[in-house]
Amino acid sequence: MLRYIIKRLLILVPMLLAVSIVVFLILRLGQGDPAMSYLRLSNIPPTDAALEVARQELGLDLLLPVQYARWLGKAVTLDFGRSYVTGLPVLGEILFYLPNTLKLAGFSLLLTLAVSLPLGIWSALKKDRLPDHATRAFAFAGVSMPGFWLGFILVWLFSIQLGWLPPLGMGGLDHMIMPAVSMALMSMAINTRLIRGNMLDNMHARYVLYARVRGLPERVVVGRHVLVNSLIPVITAIGMHVGELFGGAVVAESIFSWPGVGRYAVSAIYNRDYPVMQCFILIMTSIFVLMNLGVDILYAWLDPRIRLEGGGDR
Amino acid sequence: MKKASFCFSAAAMLIISLIVLPGPASAAQSDTLNYSWSANVGPLNPHAYSPNQMFAQAMVYESLVRYAKGGEVVPWLAESWDISEDGRVYTFHLRKDVRFSDGTPFDAAAVKMNFDAVLKNAHRHDWLEFIAQIKQTRVVDSHTFELSLKNAYYPTLQELCLIRPMRFLAPSGFPDDGDTAQSIKAPVGTGPWKLVETRKGEYDLFESNGLYWGTKPAFKRLMVKVIPDSDGRAIAFETGEIDLIFGSGGHGSGQIGIDTFNRFASMGNLETAISHPQATRVLAINSNLFPTNDRAVRRAILHGVNKAAIVKHLFLGVEPQADTLFSPDMPYCDLGLARFEHDPQKAAALLETAGWKREKGAEFLTRDGRELALDICFVGNDTLQKSVAEVIQGDLRRLGIKVRLVGEEMDSFLTRQKSGEFGMIFGDTWGAPYDPHSFCSSMRQPAHADYQAQIGLPMKKDIDRKIGEVLISVDEQTRQDLYRDILTTLHEQAVYMPLSYMTNITVHRPQLRGVEFGPTKYEFPFETIHWER
């Protein structure tokens, strides 16, 4: 197990390297001149002389591979450069906003589970009856509704019309509800259907028949055997949902003025703040990879039949 | 089983919390005024630019003299001043009752310290002619300060009014090495407000400066919430999270869109207002590139575009129609220039006289085998610029002029302004107190679209010389005459299509009183605002 974890962590290194090269190239090959952005954001008129000074200051007068090597040399010491807008070190800025995003994404994940688990189980137990149909309708609506649209609808209903929830900003739990719901709805819908499907599969499995034969009460059969076995694929799905949630956070944070890293990244894109964009993408890649590693480990721990290294039989 | 039951109890907790959570407290009449801006106000270094926000720098720091409505310069931290006969030495007599918000006195030594800090990094302020003109600064006595210039640069007083870089930080706020270019210790100024708390990405909190020498703000605190999105701002206003919308209307850095402004205005239970013209939205027409190097084509374009329709349907009446490069309200700009009326027939006649003909079956005019076609360049995601460009395209097509729309991202757009690769290109004048002198001054810089647009004019050298002269003119009449010359030439040569005058807007509930526009775009006089008594 330890060997496996170390191996996976080591794979992260070439992966980040490849991502960084791609990101670096895409940003540089695009239209637009970072020196021009830099001057615009500093409110300095872009004369030729000023552009020349800015290019030297930012190291843009060097060959692309040299620029990349320089950036990488600093990046391995966790120095990702300074933001063109604020002039502050980029990593510090991102780490400042990251906890807020994690808080929101964590709450959304909790919300996803809190809604999809009972709904999934309920619809499986009442298959082809009203609860099942209602849940199906909910799932359809949930998957089809874009997060930003839902966000505005929620604001209109709960903030403007009813005045129950604050429309924006960070504060107590009440500030988190609408952004979290708009981020989580799609994951909720998918998860509900997934759990229902797994439950139904497992209910017809042989071990359930044996359990019933042994005379175990239905509560134990469903709660202990069917449910636990149905949850394992859900763990994998959660690994995916985390990615979706971070993607959704970029939108939700902008709509609800949540001071998170997603909103920060959006403003960096508008400002062509390259150092911020590069660092943001690398950190998101790391989080995504580490999250999936965590899911894999959890998987093995939950299901003894699964072995992460060769040798086990499934 | 344990895991499952944990999930169930978590779900139950959440559902309960959803039900019993209290709603937001209603915005009672508190002693805090809630406002919003698209970003944090920054460290508030008075001598630096981005990320410091100008409106906030203007709240905390003050200038020696102040730009009043209509362009008059009035005493502020200096209660009076003398100008030597040759126009090169300015002696300022400072107010004696002024203290910085930390209690230290405001005196000539503090003024000199600030001037020296700015001059130490003069290259950062290259865009401002006044800084380049400073020869020497001197403390005459504790409350008299003398400024010597290289030339008799007349806009000195106007540029002293600017929000940055020439306002005054308390000596206690200076870093140990005295160089404010990198950072300051604390934002301590003489202004009516002081910055007391900043939460990154959330808000900046200001408090009334209890030591302020002038009229103290009616509100104890001013909360500036960070709301980057203009729709988010409108929602925040409707739900009472903020009390006031104040700033430019429209696009990009606007507080709210003009359609939202009109919605608020039509609601009837809100107070809305539109300011006098602050600056001009304008398209520069390239006199150096085919086909707009032909004056007849430029004039035909100005007569051919239905500007009244653009103002009515795109600016929704929130911005008035502009017919001259600078609003007649600006100093030296009330020249009675005849506007280019919308007159397609006259436009067609102009083109015909200039030899442009329509070949049989052709959609567009030609001359010597070359088609009458030009590019209009705009920022691709600026919906307003795009719509205006489309209307112009339609209007000019009727005259037989082909217009290609070139929408690009901001940097490419700015590169075109600089390099002159455009037929027509969008731009704004800088507004008070920069208009007309700073804007005219920049027409001499090759990095500006104005220079590129004018360079094809036969009298461009003459224009540049006159701009140089007007800036160091001592005599009021000479100055007015020179401006008349410069602006009349530019108008008659048709190198600009003024569109509308940009305005500031305010929206608030009627209980909030004393909301007034400042003399310039980024001065918001929050100190006069109070609840209905």
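Helix 7 of chain B (residues 258-267) lies across strand 11, strand 12 and strand 20 of chain B. Its direction makes an angle of about 130 degrees with strand 12 of chain B. Axes here are lines fitted to C-alpha atoms, for helices over the stretch in contact, with angles from 0 to 180 degrees between N-to-C directions. Contact means heavy atoms within 4.5 Å. Helices (H or I, at least four residues) and strands (E, at least two) are DSSP runs, numbered from the N terminus.

This is a predicted model, in which local features need pLDDT of at least 70, side-chain atom pairs count only at pLDDT 80 or more, and totals for chains, interfaces and linings use all residues. Residues are numbered from 1 along each chain as its sequence is written, chains are lettered from A and ligands numbered from 1 in the order in which they are written, and side-chain values use heavy atoms, leaving out hydrogens and water.

Now the sheet under discussion. Three strands of chain B form an open, antiparallel sheet in the order 11-20-12. Strands pair if DSSP finds at least two bridges between them. Strand 11 (244-248) and strand 12 (271-274) of chain B are the edge strands, each pairing on one side only. Neighbouring strands are turned by 5 degrees on average, direction ignored. Four bridges join strand 12 of chain B to strand 20 (residues 504-508) of chain B. B:Thr272 stands opposite B:Val507 there.

Next, two helix pairs. Helix 8 (residues 295-304) and helix 10 (residues 344-353) of chain B pack at about 165 degrees, their axes 8 Å apart. That makes helix 8 of chain B roughly antiparallel to helix 10 of chain B, a label for angles over 145 degrees, while those under 35 count as roughly parallel, 65 to 115 as roughly perpendicular and the rest as oblique. Among the residues of helix 8 that meet helix 10 are B:Ala296 and B:His303.

The second pair links the chains. Helix 7 (residues 147-161) of chain A and helix 6 (residues 230-238) of chain B come within 10 Å and cross at roughly 15 degrees. They are therefore roughly parallel. A:Phe152, A:Val155 and A:Ile160 meet B:Asp231, B:Ile235 and B:Glu238.

Last, the cores. A nonpolar core is a set of buried Ala, Val, Leu, Ile, Met, Phe, Trp, Tyr and Cys residues joined through side-chain atoms within 4.5 Å. Buried means under 20% relative accessible area, exposed over 50%, partly exposed in between (1.4 Å probe, protein chains only). The largest core has 186 residues, and B:Met497 is one of those touching the most other members. Helix 5 (residues 90-125) of chain A gives the most to this core, with 14 residues.
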